[in-house]
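Thanks for coming. I have one structure to go through today, so please have a look at it first.

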Amino acid sequence: MSSVPQKAFSLQSIVRPNIWALKPYRCARDDYSTGILLDANENTHGPALPPPEALSTSHLNRYPDPHQSLLKSLVAAHRGLDAASTGFFVGVGSDECLDLVVRVFCVPGKEKVLVCPPTYGMYGVVAQVNDVGVTAVPLDVEGGRFQLRVDEIAAAVEANPAIKVIFLCHPGNPTGTLLAHDDIRAVLELQAFHGIVVVDEAYIDFCDQGASVVSWVARYPNLIVTQTLSKAFGLAGIRLGAAITTPEIAQILNSAKAPYNVSTPASALALSALSAAGLTTMRTHVSSILAQRDALISKLGTVPRLGPTIGGNDANFVLVPVLDAQGRPSNPIAKSVYRAMAEQEGVVVRFRGEELGCEGCLRVTVGTEEENGVLIEKLRGLLADLA
Ligand SMILES: Cc1ncc(COP(=O)(O)O)c(C=O)c1O
């Protein structure tokens, strides 16, 4: 083979600077991927699928339905929405929805999104990938309240007309806390804000039915609600999320997407999960997870050196502070407990102590009764050594 002629080539000089500056997104699975996995807020009870029905492979030589009309109609039915007057986009997880919203609404290098930390890390990642700035207006974290500071959000959008998208996480990750409806409404109605409000409802199926604001899309022309099959439906592996909004916004999102973004197998499994039998399984899993969550919270309360869980406990995980000998939340101790749990005890949780208002906290996904039993026993063993 003849040698390749030498010429000056600098990868850095041709990659967009905002992309070059990216640090790979660290997800829960980067650190540990084996053992009892209670780190990524997945559904530990399994997928909401009726008994295995052979997936038809006969159409896999054809591209999937670009519009996913049947899937959208089942999402509409499940949410009690009128399919004809509501807009839907379905994508590769709600993460695709979040990215597409930023791509559609924010001009790179000029415009911004507003986030309310502590919150889901992908809002910042999709902003950076799209060369879009981030304005942070922290939640009121006092005493684990984790609520919006609407006056501060109002001041930020007034001072910063470049803010085009506001991301609200309801219930929040890592806070596990539902936002007050009045506050969400106040943000939607801010006179000085002319952009889009995204309410991320990834965990909404763990909450009472009235908690969702999805029906508000009929009233607010600037609202997008994102939801997912990754959590309550136990289908994180198929990557299926939805943006539910006005028909006008959905049309724009759908024009901007790749034509066949949702694969045929993902779509078939999603249809199955949204069938009557799938929904029954989902509801059974959710009620078991909620019962396990209550049991877990009370058992965590008996472990030495753990404080009471903070936040609303409205999702399928809890945030629990690890305390020092004086009873103060401690990041160094929480981090070493997190490592020892994963490396010695085979139980993976997530250290969230560096998030605002979460000092010393471990975020623990609610497991099965057996998994929670092992978690408590291992935590008790490790923390008793410190006490
Ligand atoms: C608040 C929040 N939104 C969205 C997602 C991502 O969901 P999906 O799997 O649908 O991309 C997560 C996943 O952990 C999350 O915590």
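Which hand does the crossing of H10 and H12 have? The crossing of H10 and H12 is right-handed, where right-handed means that the near helix is turned clockwise from the far one by less than a right angle, and left-handed that it is turned anticlockwise.

Before more of that, the ground rules. This is a predicted model, in which local features need pLDDT of at least 70 and side-chain atom pairs count only at pLDDT 80 or more, while totals for chains, interfaces and linings use all residues. Residues are numbered from 1 along each chain as its sequence is written, and side-chain values use heavy atoms, with hydrogens and water left out.

Back to the helices. H10 covers residues 276-300 and H12 covers residues 369-386; helices here are DSSP runs of H or I with at least four residues, strands are runs of E with at least two, and both are numbered from the N terminus. Their axes come within 11 Å and cross at roughly 10 degrees. The axes are lines fitted to C-alpha atoms over the stretch in contact, with angles from 0 to 180 degrees between N-to-C directions. H10 and H12 are therefore roughly parallel, the term for angles under 35 degrees. On the H10 side, Gln292, Leu296, Lys299 and Leu300 meet H12 residues including Leu375, Ile376 and Leu379; contact means heavy atoms within 4.5 Å.

Next, the cysteines. A disulfide is a pair of cysteine sulfur atoms within 2.5 Å, and the count by that rule is 0. Cys106 is in none, as the nearest cysteine sulfur, that of Cys116, is 15 Å away. For Cys116, the closest cysteine sulfur is in Cys169, at 10.0 Å, which is too far for a bond. Cys106 is buried, at 4% relative accessible area (buried is under 20%, exposed over 50%, partly exposed in between, with a 1.4 Å probe and protein chains only). Cys116 is buried too, at 5%.

Now two loop residues. Pro174 sits between strand S5 (163-169) and helix H7 (181-188), and is buried at 2%. Its C-alpha atom is 6.9 Å from that of Tyr120, 54 residues away along the chain. Leaving aside neighbours within four places in sequence, Pro174 is in contact with several residues, among them Pro118, Phe317, Arg352 and Cys358.

Asn222 is in the loop between strands S6 (196-200) and S7 (223-228), and is buried at 13%. A polar atom of the Asn222 side chain lies 3.1 Å from the backbone oxygen of Leu188.

That is my last slide.

Notes: Polar contact = N/O pair within 3.5 Å; in protein donor to acceptor, adjacent residues only side chain to side chain. Parallel < 35°, antiparallel > 145°, perpendicular 65-115°, else oblique.
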